[in-house]
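Visitor: I would like to go through this structure with you. Could we start with the terms and then move to the residues?

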Amino acid sequence: MSTDYNTRWDFIGLSSDSKPTPATSSKVVDGSTYYEADTSKLYFWTKNNWYEKTSLVQTNIERKMKW
C-alpha cells in the first residue's frame, strides 16, 4: 500500500534571493512559506505564486498557532 504525503516546507532567504518554485524545487507545495530574513516579510505559496503575508491575510500556520 502506498501513501502520498504533501509535506509543507518552510524556506528562509534574503529579499535579493530568488524564491524557489516547483520548477526549481519539488519541496514547494501549497502552504509552503518563505521568510525574508533581511526584511522580516513572510510569503506563502499557493496556486502557483508567492503571496506576501499582510495583516489582512492569515496563513494556515497562523490559524493553527492563533497568532
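Guide: A strand here is a DSSP run of E of at least two residues, and strands are numbered from the N terminus. Please keep in mind that this is a predicted model.

Visitor: Where is S25 placed?
Guide: S25 belongs to the loop that lies between β1 (10–13) and β2 (33–36).

Visitor: Is S25 buried or exposed?
Guide: S25 counts as buried, because its relative accessibility is 17% and the cut-off for buried is under 20%.

Visitor: What is S25 in contact with?
Guide: Leaving aside neighbours within four places in sequence, S25 is in contact with F11 and P20.

Visitor: Which residues make up the largest nonpolar core?
Guide: That core has six residues, namely F11, V28, Y34, Y43, W45 and W50. As a general point, nonpolar side chains tend to be buried together in soluble globular proteins.

Visitor: What is W45 in contact with?
Guide: Beyond its neighbours within four places in sequence, W45 has contacts that include P20, V28 and W50.

Visitor: How are the rings of W45 and W50 arranged?
Guide: The pair is edge-to-face, because the planes are at 70 degrees, and the ring centres are 5.3 Å apart. Both W45 and W50 are buried. Together with Y34, these two residues form one aromatic cluster.

Visitor: How many aromatic pairs does the count come to?
Guide: The count comes to three aromatic pairs. One of them joins F44 and Y51, a tilted pair with 6.0 Å from centre to centre and 35 degrees between the planes.

Visitor: Are F44 and Y51 buried or partly exposed?
Guide: F44 counts as buried, at 16% relative accessibility. Y51, by contrast, is partly exposed, with a relative accessible area of 36%.

Visitor: A change of topic: what lies over the face of Y43?
Guide: K19 lies over the face of Y43, at 4.3 Å from the ring centre. In another place, K27 lies over the face of W9, at 4.3 Å from the ring centre.

Visitor: Last one: where does E52 lie, and what does E52 touch?
Guide: E52 is in strand β4, which covers residues 49–52. Not counting residues up to four places away in sequence, E52 touches K41, L42, Y43 and F44.

Visitor: What separates the C-alpha atoms of E52 and L42?
Guide: These C-alpha atoms are separated by 5.9 Å, although E52 and L42 are ten residues apart along the chain. E52 itself counts as partly exposed, at 35% relative accessibility.

Methods:
Residues numbered from 1 in each chain as written. Predicted model: local features only at pLDDT ≥ 70, side-chain atom pairs only at ≥ 80, totals over all residues. Heavy atoms only, no water. Core = buried A, V, L, I, M, F, W, Y, C linked by side-chain atoms within 4.5 Å. Buried < 20%, exposed > 50% of the residue type's maximum accessible area, 1.4 Å probe, protein only. Contact = heavy atoms within 4.5 Å. Helix = DSSP H or I, 4+ residues; strand = E, 2+ residues; numbered from the N terminus. Phe/Tyr/Trp six-rings, centres within 6.5 Å; stacked < 30°, edge-to-face > 60°. Lys NZ or Arg CZ within 6 Å of the ring centre and 35° of its normal.
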